[in-house]
Amino acid sequence: MSYGIKIRVWGEYACFTRPEMKVERVSYDVITPSAARGILQSIYWKPAIDWVIDRIHVIKPIQFDNVRRNEVKGKISETTIKSAIKGRSVNLTQYAAEKRIQRATLLLKDVEYIIEAHFEMTDKGGKDDTPEKHYSIALRRARRGQCFLQPYFGCREFAANFEIVEDEVPKGYYQGEVDLGWMLWDIDYKNNMSPKFFRAQMIDGVIDVPKLAVEEVVG
């Protein structure tokens, strides 16, 4: 048995970066399933459960905006971090003023979605981890607006507001069918962190998210 939840999320800006864009940031047209899962994990996460995204409702029209943002052009390498973990003397500092660059970003503005999802139990739970227990906690936290981390839309500076939806889902802006092209489904962490993609079809403002095992998800 699965335990479902509906969460309304909205915010001023969002950027769900397309991985094929190597230099400048360009957002997908709508929130990706992996970003939606991240929002739910920010509200409630435990090793005993896995959130699964079922549908994404696009409530407001898709609008883009161009901005330039200050970023750093590099990050501390994985090799350096592993050396530090092993106790070796390495330099883990990074000075933003020396590595700062400006990058153009094509982002979304004034976004609103309703995420339909459920969770499934994993093999990491204890004897007291029951679906009813985790469902009750998730509902309580969502109703109170509680979260472990501030949810965000792709970049941490784009905060996401959220509330639970317990009535009927309102109709979105779009009617008919819209092909959004290939979209990142999620990262398959069990298989060398390989990215998985699916063909996103929005029908009457609703995107049905396929499961990993079906043919619609490809690597």
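Start by selecting Val23, in the loop between β1 and β2 (25–26); helices (H or I, at least four residues) and strands (E, at least two) here are DSSP runs, numbered from the N terminus. Val23 is exposed at 57% relative accessibility, where exposed means over 50% relative accessible area, buried under 20%, and partly exposed in between (1.4 Å probe, protein chains only).

Before moving on, some housekeeping. This is a predicted model, in which local features need pLDDT of at least 70 and side-chain atom pairs count only at pLDDT 80 or more, while totals for chains, interfaces and linings use all residues. Residues are numbered from 1 along each chain as its sequence is written, and side-chain values use heavy atoms, with hydrogens and water left out.

Next, pick Arg8. Its side chain meets that of Glu112 in a salt bridge (2.9 Å, N to O); the term covers a side-chain nitrogen of Lys or Arg within 4 Å of a carboxyl oxygen of Asp or Glu. Arg8 sits in strand β1 and Glu112 in strand β5, 104 residues apart, so this pair links distant parts of the chain. Glu112 is buried, at 10% relative accessibility.

Glu163 is in strand β6, so its pairing with Arg8 in β1 ties together parts 155 residues apart in sequence. Glu163 is partly exposed, with a relative accessible area of 35%. Together, Arg8, Glu112 and Glu163 form a network of salt bridges.

For another one, show Arg55 and Glu116, whose closest N and O atoms are 3.3 Å apart in a salt bridge. Arg55 is partly exposed at 34%, whereas Glu116 is buried at 16%. The count comes to 12 salt bridges.

Hop to Cys15 and Cys155. The structure holds zero disulfides (pairs of cysteine sulfur atoms within 2.5 Å). The sulfur of Cys155 is 4.7 Å from that of Cys15, its closest cysteine sulfur, too far for a bond. Cys15 is buried at 1%, and Cys155 is buried at 7%.

Finish inside, with the largest nonpolar core: 49 residues, taken as buried Ala, Val, Leu, Ile, Met, Phe, Trp, Tyr and Cys residues joined through side-chain atoms within 4.5 Å. Select Ile7, Phe16, Ile31, Tyr113, Ile115 and Phe153, which have the most contacts inside this core. Elements supplying at least two core residues each include α1 (33–43) and α4 (131–144). The largest share, seven residues, comes from β5.
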